[in-house]
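Visitor: I am new to this structure and would like a close look at a single part of it. Could you take me slowly through the strands that pair with one another, and what they have to do with the core?

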Amino acid sequence: MSAFKVASKERRFWICGLVLLAVALSLIAATGGKVSVLAESYDHVGRILFSIEYPAWALRDGVLRVASWTIGRGKLESQLKELQRENLALRLQLGLREERALLREGGGEARIVARYPGEWWRFVVIDKGSTDGVVRGMPALQNGRFLAGRVRYIESNSSVIELISSSTMLVPVVVDDTRDIGIIRGDDVGGVWLLYIPMERKLEAGMTISTAMAGEALPPGIPVGRVGEPGGAAEGYGSYRLYPYADLSQLRSVTLIDGTP
């Protein structure tokens with residue numbers, strides 16, 4: 001603060017003091033020094049000063065209240081946003097755990113989001129990936145019951161299912177009625193064949209086929225389809241047409257199950 005401002009404040013202080021002294025002497029002179037008259041005069045002066053000061057006091061109090069309310073509201077909003085962030089993080093974690101639990105329990109539904117014409121009978125793309133708990137080899141079922149394929153490739157948020165109609169998809173199966181073990185393989189154009197059935201074994205059309213215990217991430221007993229007409233034979237083994245239970249041409253979603261022990 002400059003010396004000029006300090007001197008100015010001191011002058012105003014002395015001037016106010018002299019004015020008040022003059023007023024006090026005037027009141028004493030006017031009242032003849034009577035105490036009751038002086039007290040009444042002081043009351044009048046007090047009420048006048050209060051009326052003058054009240055607007056400024058009320059304005060100052062209002063400003064302080066608004067400032068306090070604004071600061072308090074800002075803190076509450078900040079705390080609310082922090083709680084919302086924590087709540088969202090907890091919900092995401094809980095949702096991810098629930099999704100993985102569903103996959104383990106066989107309830108993880110995945111929607112088919114892409115199917116390319118050139119690979120129509122081989123691959124479909126689903127909207128679940130490694131972040132959803134999908135792992136390579138997981139069986140993909142239609143309607144939660146019938147084998148449609150298995151997980152072949154995995155991205156973070158999507159995966160590729162190889163269908164049982166693919167020529168590179170080999171699945172060990174068993175004929176439920178005879179307990180004969182064979183392999184199914186597709187022909188890339190919508191057909192599925194049951195292979196490696198010994199020639200001396202004669203299967204009848206309509207016999208049911210399910211997955212066999214193969215020591216890998218494919219549970220036994222998943223329904224696959226029914227035996228159809230006989231096909232070719234080679235090296236002592238015969239083949240049969242297989243009619244899958246899963247409608248591969250109408251596939252819209254699949255259920256992924258975790259077949260690992």
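Guide: Two strands are said to pair if DSSP finds at least two bridges between them, and strands (E, at least two residues) are DSSP runs numbered from the N terminus, as are helices (H or I, at least four residues). The model is predicted, so local features need pLDDT of at least 70 and side-chain atom pairs count only at pLDDT 80 or more, while totals for chains, interfaces and linings use all residues. Residues are numbered from 1 along each chain as its sequence is written, and side-chain values use heavy atoms, with hydrogens and water left out.

Strand β7 (residues 181–186) pairs with strand β8 (residues 192–198) in the antiparallel sense, over 4 bridges, and here Ile184 stands opposite Leu194 in β8. The hairpin of β7 and β8 has 5 residues between the strands, and in it Asp188 takes a positive phi near 70°. Strand β8 is also joined by 5 bridges to strand β11 (residues 237–244), again running antiparallel, with Ile197 opposite Gly238 in β11.

Ile184 and Leu194 are also among the residues with the most contacts inside the largest nonpolar core, which has 38 residues. Such a core is a set of buried Ala, Val, Leu, Ile, Met, Phe, Trp, Tyr and Cys residues joined through side-chain atoms within 4.5 Å, where buried means under 20% relative accessible area (1.4 Å probe, protein chains only). Strand β4 (residues 146–154) gives the most to this core, with 4 residues.

Note on methods:
Buried means under 20% relative accessible area, exposed over 50%, partly exposed in between (1.4 Å probe, protein chains only).
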